[in-house]
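Below is a short report on one structure. It goes from the whole chain to single residues.

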Amino acid sequence: MRQLDDSAWRNNAADEYDTYLLQAANMILQGATCETVAARLDDIISGSMALGPPSEAVHRASLLTAEAISAYLQVDRASF
């Protein structure tokens with residue numbers, strides 16, 4: 001069993017989550033709505049992570065994550 005202070009565990013988890021966030025960002029850049037991105041994040045939670053069906057609170061967190069990524073990308077585009 002891995003411990004929280006095991007750097008390999010932290011790095012592998014970070015890489016996995018980065019992949020999910022990059023997928024979400026790419027969807028937004030291609031014109032997906034935040035609701036569509038949130039649904040994809042919910043699918044990752046229930047499928048890839050095998051955490052079961054997302055509750056309303058989890059879906060809300062997925063939607064807020066999608067909205068935060070979208071807002072960041074809007075600010076980032078404005079700087080070009």
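What share of the contacts in the protein chain with a separation of 6 or more comes from residues 24 or more positions apart? Such residues account for 50% of those contacts, where contact means heavy atoms within 4.5 Å.

## Basis of the model

This is a predicted model, in which local features need pLDDT of at least 70 and side-chain atom pairs count only at pLDDT 80 or more, while totals for chains, interfaces and linings use all residues. Residues are numbered from 1 along each chain as its sequence is written, and side-chain values use heavy atoms, with hydrogens and water left out.

## The chain as a whole

The protein chain holds three helices and zero strands, and its elements run α-α-α from the N terminus on. Helices (H or I, at least four residues) and strands (E, at least two) are DSSP runs, numbered from the N terminus.

Of the 80 residues in the protein chain, 22% are buried. Buried means under 20% relative accessible area, exposed over 50%, and partly exposed in between, with a 1.4 Å probe and protein chains only. The accessible surface of the chain is about 5600 Å², and carbon and sulfur atoms hold 58% of that area. Accessible areas come from the Shrake-Rupley method with a 1.4 Å probe; for residues, only the protein chains shown count as cover.

In soluble globular proteins, nonpolar side chains tend to be buried together. Here the largest nonpolar core has 13 residues, and those with the most contacts inside it are Ala 24, Ile 28, Val 37, Leu 41, Ile 69 and Leu 73. The elements that give two or more residues to this core are α1, α2 and α3, and α2 gives the most, with five residues. A nonpolar core is a set of buried Ala, Val, Leu, Ile, Met, Phe, Trp, Tyr and Cys residues joined through side-chain atoms within 4.5 Å.

## The largest pocket

The largest pocket has a volume of about 170 Å³. Its lining includes Tyr 17, Tyr 20, Leu 41, Ile 45 and Ser 62. The elements that give two or more residues to this lining are α1 (7–29), α2 (34–48) and α3 (56–78). By class, the lining has eight nonpolar, two polar and no charged residues. Ala, Val, Leu, Ile, Met, Phe, Trp, Tyr, Cys and Pro count as nonpolar, Asp, Glu, Lys and Arg as charged, and the others, Gly among them, as polar.

A pocket is found on a 1 Å grid over the protein atoms alone, as an open set of points where a 1.4 Å probe fits, with protein on both sides within 12 Å along at least five of seven lines; lining residues have an atom within 4 Å of a point. Grid points are joined across faces, edges and corners, and a volume is the space filled by probe spheres set on the points.

Ser 62 is found in helix α3 and is buried, at 4% relative accessible area. Leaving aside neighbours within four places in sequence, Ser 62 is in contact with Ala 38, Leu 41, Asp 42 and Ile 45. Leu 63, also in helix α3, is buried at 14%.

Ile 45 belongs to helix α2 and is buried, with a relative accessible area of 18%. Leu 51 lies in the loop between α2 and α3 and counts as exposed, at 59%. With neighbours within four places in sequence left aside, Leu 51 is in contact with Ile 45 and Ser 46.
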